Amino acid sequence: MALYKTLTVSPTTKVLIWKIEESLDDLKTGITLSENSENRLNSMKSELHQKGFLSIRHLLKEINLADADLIYDEFGKPHLTNGRYISITHSFEFTAIIFSYKSVVGIDIEKQREKILKIAHKFTPIEEYKTIANVDAMISKLTIVWGAKESLYKIYGKKKLLFLHHIYIEDFKFADEKTTGEIRYNGEESSYTIEFLEFEGFTCVFAY
């Protein structure tokens, strides 16, 4: 099975990334699904989505959790019991989770694609990035910003946040591999640490 990368963020927080290389039957082996999850799996039209769903269950197994430990609220946010926190992401052949005993967490994986240049103005003040001359570097930077905002959106876990107006990402250098972000909504502000890494044309960003 294809556990791709494990990152120990702190003694209480871990990131696990899976690269999907198995058949559907292989991914069904060694895990148990609840009736609800079995129904969700069977309702998925795309085999890639089915594989992503199953590979997440293998990642849970890596940290001694099972499908039955995951509970979803009315906004679709996953929760764990006993003061533990989790966030989940899937993009093409990669899936990932961030798991913490201590604090709320969010994670996002994105494929680096040129189309992000067309939608950038919808989620970040694009003039901040006009000094980046290289298109590839611009795509890379914007993908990190999008992933950071997506991670904070997942932490907040409700539907009313706007990426452009309520989530702020501090500017960063690629070499730093981290930055900070804030959610500012309804007169309240909360700050988070954000880390990022790139591999095989993908970007993984996580917040805690």
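**Close-up views of a predicted model**

**View A. Salt bridges around lysine 19**
At 59% relative accessibility, glutamate 21 counts as exposed (buried means under 20% relative accessible area, exposed over 50%, and partly exposed in between, using a 1.4 Å probe and protein chains only). A quick note before zooming in: this is a predicted model, where local features need pLDDT of at least 70 and side-chain atom pairs count only at pLDDT 80 or more, while totals for chains, interfaces and linings use all residues. Residues are numbered from 1 along each chain as its sequence is written, and side-chain values use heavy atoms, with hydrogens and water left out. Glutamate 21 makes a salt bridge with lysine 19, with the closest N and O atoms 3.9 Å apart; a salt bridge here is a side-chain nitrogen of Lys or Arg within 4 Å of a carboxyl oxygen of Asp or Glu. Lysine 19 itself is buried, at a relative accessible area of 18%. Glutamate 200 also forms a salt bridge with lysine 19, and there the closest N and O atoms are 2.8 Å apart. That pair ties together distant parts of the chain, 181 residues apart: lysine 19 is in strand 2, and glutamate 200 is in the loop between strand 10 (188-199) and strand 11 (202-207). Helices (H or I, at least four residues) and strands (E, at least two) are DSSP runs, numbered from the N terminus. Glutamate 200 is partly exposed, with a relative accessible area of 45%.

**View B. Arginine 57 meets aspartate 67**
These two form a salt bridge, with the closest N and O atoms 2.9 Å apart. Arginine 57 belongs to helix 3, whereas aspartate 67 lies in the loop between helix 3 and strand 3 (71-72), 10 residues apart. Both arginine 57 and aspartate 67 are buried. Back in View A, shared partners join Lys19, Glu21 and Glu200 into one network. A search of the whole structure turns up seven salt bridges.

Strand 2 (residues 13-19) and strand 6 (residues 94-100) run antiparallel, joined by seven bridges. Tryptophan 18 stands opposite threonine 95 in strand 6.

**View D. Serine 87 in strand 5**
Serine 87 is buried, with a relative accessible area of 4%. Leaving aside neighbours within four places in sequence, serine 87 is in contact with residues including Ala96, Val105 and Lys154 (contact means heavy atoms within 4.5 Å).

**View E. Helix 5, residues 135-156**
Just after helix 5, glycine 157 takes a positive phi of about 80°.

Definitions and conventions:
Two strands pair if DSSP finds at least two bridges between them. The expected span of a helix is 1.5 Å times one less than its number of residues.
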